[in-house]
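Please examine the sequence and the three-dimensional structure shown below before reading this report.

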Amino acid sequence: KQWYQRRVRGRKGSLAKKPYNPIIGEVFHCKWDVDTTTASPDTCISRGQRGHVTFLAEQVSHHPPVSAFYADCPDKQISASYSVWTKSKFLGISVGVDMVGLGTIHLKEHREKYHFTLPSTYGRSILTVPWSE
């Protein structure tokens with residue numbers, strides 16, 4: 001089965017927000033309960049169970065800007081972590097962004113760890129009708 005991120009929700013408003021400051025210990029932390037009586041079938045909790053997912057993210061370095069996150073679903077004994085920074089390049093009428101870093105998914109029940117990277121992305125034809133790949 002393939003897993004992928006289906007949606008990203010941002011902050012309201014049009015202004016860019018400052019990243020979290022690691023010097024003064026700023027982090028983003030959230031926890032949400034998963035109730036599978038109303039959840040989609042591809043959640044980390046089996047149908048009919050209740051559970052929770054915890055997420056922690058912070059910017060661990062300003063120069064270069066490196067972000068890190070940790071997500072945990074203790075009910076399914078699954079956790080994931082990733083640290084990432086970007087390398088951008090201008091390619092004439094295109095822009096490329098390389099995602100540099102390494103992630104790990106830990107399946108605790110099976111004592112397995114999987115390492116992964118994120119794909120690069122390109123914004124093409126940025127002066128006319130832009131599209132991405």
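The report treats the chain as a whole, then its aromatic rings, and then some individual residues.

## Basis of the model

This is a predicted model, in which local features need pLDDT of at least 70 and side-chain atom pairs count only at pLDDT 80 or more, while totals for chains, interfaces and linings use all residues. Residues are numbered from 1 along each chain as its sequence is written, and side-chain values use heavy atoms, with hydrogens and water left out.

## The chain as a whole

The chain contains 0 helices and 8 strands. Helices (H or I, at least four residues) and strands (E, at least two) are DSSP runs, numbered from the N terminus. Along the sequence, the pattern reads β-β-β-β-β-β-β-β.

Of the 133 residues in the chain, 17% are buried. Buried means under 20% relative accessible area, exposed means over 50%, and partly exposed lies in between (1.4 Å probe, protein chains only). The chain exposes about 10,300 Å², of which carbon and sulfur atoms supply 57%. Accessible areas come from the Shrake-Rupley method with a 1.4 Å probe; for residues, only the protein chains shown count as cover.

A contact means heavy atoms within 4.5 Å. Among the contacts in the chain with a separation of 6 or more, 34% are between residues 24 or more positions apart.

## Aromatic pairs

How many aromatic pairs does a search of the whole structure find? The search finds 4. Rings of Phe, Tyr and Trp (its six-membered ring) pair if their centres lie within 6.5 Å; planes under 30 degrees apart count as stacked, over 60 as edge-to-face and the rest as tilted. The ring centres of phenylalanine 69 and tyrosine 82 are 6.3 Å apart and their planes are at 20°, so this pair is stacked. Phenylalanine 69 belongs to strand β3 (residues 65–73) and tyrosine 82 to strand β4 (residues 78–90), so the pair ties together parts that are 13 residues apart in sequence. Phenylalanine 69 is partly exposed, at 28% relative accessible area, whereas tyrosine 82 is buried, at 4%.

Tyrosine 82 also pairs with phenylalanine 116: the ring centres are 5.3 Å apart and the planes are at 25°, so this pair too is stacked. This pair links distant parts of the chain, 34 residues apart, with tyrosine 82 in strand β4 and phenylalanine 116 in strand β6 (residues 112–116). Phenylalanine 116 is partly exposed, with a relative accessibility of 26%. Ring pairs join Phe28, Phe55, Phe69, Tyr82 and Phe116 into a cluster.

Tryptophan 32 is in strand β1 (residues 28–35) and is partly exposed, at 40% relative accessible area. Leaving aside residues up to four places away in sequence, tryptophan 32 touches Gly51, His52, Val53 and Phe55. The C-alpha atoms of tryptophan 32 and phenylalanine 55 are separated by 8.7 Å, although the two residues are 23 residues apart along the chain.

Is serine 79 buried or exposed? With 7% relative accessibility, serine 79 counts as buried. Serine 79 is located in strand β4. Again leaving aside residues up to four places away in sequence, serine 79 touches Tyr70, Ala71, Asp72, Thr104, Ile105, His106 and Lys108.

## A nonpolar surface patch

Phe90, Ile93, Ile126 and Leu127 form a nonpolar patch on the surface, with about 440 Å² of accessible area together. Patches are made of residues with over 30% relative accessible area and no salt bridge, where like charges are joined within 9 Å and nonpolar side chains (Val, Leu, Ile, Met, Phe, Trp, Tyr) within 5 Å. A salt bridge is a side-chain nitrogen of Lys or Arg within 4 Å of a carboxyl oxygen of Asp or Glu. Phenylalanine 90 lies in strand β4 and is exposed, at 59% relative accessible area.
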